[in-house]
Each structure stands twice: as C-alpha cells, then as structure tokens.
Amino acid sequence: MKARALMVAGTASHVGKSWMTTAICRWLARQGHRVAPFKAQNMSNNSYPCAAGGEIGRAQVAQAEACFLEPQPDMNPILLKPNSDTGSQVVVNGKVWRTLAAREYYQQFPYLLGQVMDAWERLASRHDFIVMEGAGSISELNLKATDLVNLGLATRLNVPVLLVADIDRGGVFASIVGTFDLLEEEERKLVRSFAINRFRGDPALFAGGVEMLEEHTGKRCAGVFPYLHDMPLDPEDGVSLEGTGQGDIAVIALPHISNLSDFRLIPHARRLTRPVDGTFAAIIIPGTKNTLGDLAWLRRNGLAEWLIEQHRRGVRIIGICGGYQMMGEYIEDPLGIESGRGSAAGLGLLPGQTVLAAAKRTRRVQAVTPSGIAFEGYEIHLGVTSRPPDAVPFATLSDGAPDGVRAEGCVGTYLHGALENPQVLGELLGREVPPTPSREIVYDALADWFDANVDRQLFAELYLCS
C-alpha cells in the first residue's frame, strides 16, 4: 500500500515551513507512524552527507532525524547549490549532476520531474506516511509550468496541503487571502487549511482575525502557533544569516556562503560584509560554493586587506572549507570548475596551495585534535589542498590522515561540523562554550509545540483520515 502524505507549503519563503514539517514528522513518528520527510527540490548551500553516500539539504536531515531515520538522497532528490548570481550546481539523487543557469535548468524539467517521481515512489513504498515540504510561495505564477516542489507536485500526487503564513513579518491577511485567490480551483481544493505561525502574545486576541480569514478563504485555520525562540535547528538557507550580532566573534558573510550550521554555537556572532573598526577575538571565513568568486569579492570590498591587518593585530582567523582554501597561498582551477575563473593568489595566511578538481568529496569523518578532543565532522568540497609535511594539522582523521593546518594565529580545516562541537570551538576561541540542547530534545519540543497549538480533530479529518 502506498504511503499517505501531506504537504506543508508556504505563502512565502522563510515562514517556518521547515520547522513545521519537522514538528509534524516527530509528532507523527511518536504516534507510531513509519513517517519520512520529502522535499523534491531544495535550493540551499547548507547540505550534509548521507551515510550511504550523497548529500541532501540540512533541513531534510533534521526532518529525517525527527522521524528516527537515517537521512537518504530520496528525501531530497534535487538540491540546487547557488554558485553565481544566475546559476547553481545541481545535485540529483545526492550526486553532482551539472552546473546550470536558471534557463538551462528549467529546460531540463521532464528529466528532473522523472527523478522526483522515482524518488517519491521509492520512499512511499517504504513508509506509511510522507510529510512533504514545499519551497517559497505556492502562488508564484511564473514558475507554475515547471513546478517540481509545490502544487504542481501536490496535484500530480493528489496530496492535501497545509498552508503556513508568518504573522510576525506582517501582512498575514493579504498573504493568506491573496494566495488562495491566485490558486486554480483544483489547487484550492487541495489546500485544505492554513496555519498562522510566529504569533506573539495571547492567541485569543487574534480570534477575530482567524474568523475573518476563514470567511474570506472558505478554509479552516488549523492553529495559531506561537513564536519559537532560541530553537537550535539547522538553518536551511542564507536568510538565516540575517542580523548583525553583537559578539566579539565575526563571520564573513560571503555571497555564496555554505553550511551555516557551522555557527550554531555562536548565534550572536557579527556578520560582516565590509571592513569595520575595532578588533575581534576571532574571525571566521566560512565555506562557500564559489571560492574564487568570493575571494575576488573579499578583495573588491577591502575585506582581504582588512583580514590580513586583523591577523597582524593578533586576531585569530579561522577558515572552514572554502575559507581554508582562501587562506592559503594559491588557488588553481585548471578545469574551469568555477565558471572559468582561472586561478588566484590566496590571502597567504596559511601554507599550502589548492587545486580545484571535478570529483567532489562528500563524507562523514571521525577526527581528533592535537590536544585529544574527539569529534565528528564532514567534508563537502571540490578541492585538494597541499600542506607542508611539517605543518601542524587541525585534526587527525580516524584513518590517520591529517586535515587542515594550525599556524600562528590561524587555523584552516575542511571539516564542517568541527565548530559545532563545544570543546573544539572552545579550544579555538580560548573560552568555555556551553552546549546546546540535544537534537532529540529539540525535535520533541517541536512536536510538543505542534500538539499544543494544532486543532487536532480538524487536522486529523483533513490530513490523516483521507
């Protein structure tokens, strides 16, 4: 028997779809359902390697864990990793397929739809319930003809939809009513209810608003969900890097920044896009989907010289993946992997040179620092960096291979996730870093949040009994 399913869709990007999906996944799993997440197409530079190979978006990893499952590529068959203003690396079934401009990508719709449907069939055959997540807004009229992830897919699979709107950003009446008004009749039938997310204050004060929305849309409200504060879930995309922060740790907000989860233990770090006055305790150059392009960006806006000067003042500079590559002496791109940008001198803060290669390394690893701190990390990169044989490694992998370099006031590593370990981060910053709640506690808290605020009877009638 094929799995039942529901889709969590949104009135816009960043309205809380991923959190709502994760909450429903754990809520259903706690009731004994064999439930799995599914996001057909995800645009994010925040990914994670599956144990059996391949990479998927971090949000789907969290959702899989909420279902007590090991993440797998079928849960996110298409992952778009933007590496320029107009193009993305396209990961299909966990593996790099091509790098395409937007127009070229949409021309591949028949092939990509086939990959999505095949992944869906495999996943649905192994589980009794699938919680699907849409992307952005479900009423982007110009994208309907090539929709792989929202109502185009829900219509093909006849899956009921829960529409999520964010009241905290304002305009919730226009966003919900406008969304329903733009839907075709067949689509409107599938979107069975709406949820108000990120409500601050007493929900009883919004009872009149709920009545107005139900009257205008002809749909029921599945719940008014309060704003969740300090919930340490993996961010899905660059929107989560918004804000300036107030701490003495800085993160360079590269145009093509990747793997924002590396900074979840330092949520108050300052996000920098230009040089600023003052001195920091540490500055992190993060991963990127376009090392050469973002290195050129550092030079154009003065951040390259500023970083070197900060290092002269005694500030510790930490590079992760692409940031590590930038800190070296030279980066070569003989195959034109990054849009034919050629080669460039690095910042010269660390010894070693990088050659970008066609083969992508994607794997989880166990590692230990020179001081004996054991931790888990993961690699997702397209480059090989040489290091002097006498260089002190950042860490040693379980197979004995060295990773990265430690030098005077500088550290570079390919290991995403290293800074998610409080002991490793504390050692690098020279201070104690308190741990965040375990992921299991977070997933249960999300399920409790959903259970306390959803109209259970309505939700069951609309999504569980059909």
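## Helix H8: two sides

On one side of helix H8, Glu211 and Glu215 are exposed. Exposed means over 50% relative accessible area, buried means under 20%, and partly exposed is in between (1.4 Å probe, protein chains only). Gly209, Val210, Leu213 and Thr217 of H8 (residues 207-217) are buried. Seen down the axis of H8, these buried residues fall within an arc of 100 degrees, so they line one face of the helix. The arc is that of the directions from the helix axis to the C-beta atoms. Helices (H or I, at least four residues) and strands (E, at least two) are DSSP runs, numbered from the N terminus.

The cover over the buried residues of H8 includes helix H6 (172-181), E11 and E12. Gly218 follows H8, and its phi is positive, near 70 degrees.

## About the model

This is a predicted model: local features need pLDDT of at least 70, side-chain atom pairs count only at pLDDT 80 or more, and totals for chains, interfaces and linings use all residues. Residues are numbered from 1 along each chain as its sequence is written, and side-chain values use heavy atoms, leaving out hydrogens and water.

Helix H13 covers residues 439-453 and has 15 residues. From first C-alpha to last, H13 reaches 21 Å, close to the 21 Å expected at 1.5 Å a residue. That expected span is 1.5 Å times one less than the number of residues.

Which residues of H13 are buried? They are Val442, Tyr443, Leu446, Ala447, Trp449 and Phe450. Seen down the axis of H13, they fall within an arc of 155 degrees, so they line one face of the helix. The face turned away from them carries exposed Ile441 and Ala452. The partners of the buried residues include helix H2 (58-66), strand E11 (191-199) and helix H14 (456-464). Helix H1 (17-30) packs there too.

## H1 meets H13

The axes of H1 and H13 come within 8 Å and cross at roughly 90 degrees. That makes H1 roughly perpendicular to H13 (65 to 115 degrees; under 35 is roughly parallel, over 145 roughly antiparallel, the rest oblique). Contact means heavy atoms within 4.5 Å. Among the residues that meet are Trp19, Ala23 and Trp27 in H1, and Tyr443, Leu446 and Phe450 in H13.

## Arg122 in H4

Arg122 lies in helix H4 (residues 109-126). At 33% relative accessibility, Arg122 counts as partly exposed. Leaving aside neighbours within four places in sequence, Arg122 is in contact with Asp74 and Asn93.

Definitions and conventions:
Axes are lines fitted to C-alpha atoms, for helices over the stretch in contact, and angles run from 0 to 180 degrees between N-to-C directions.
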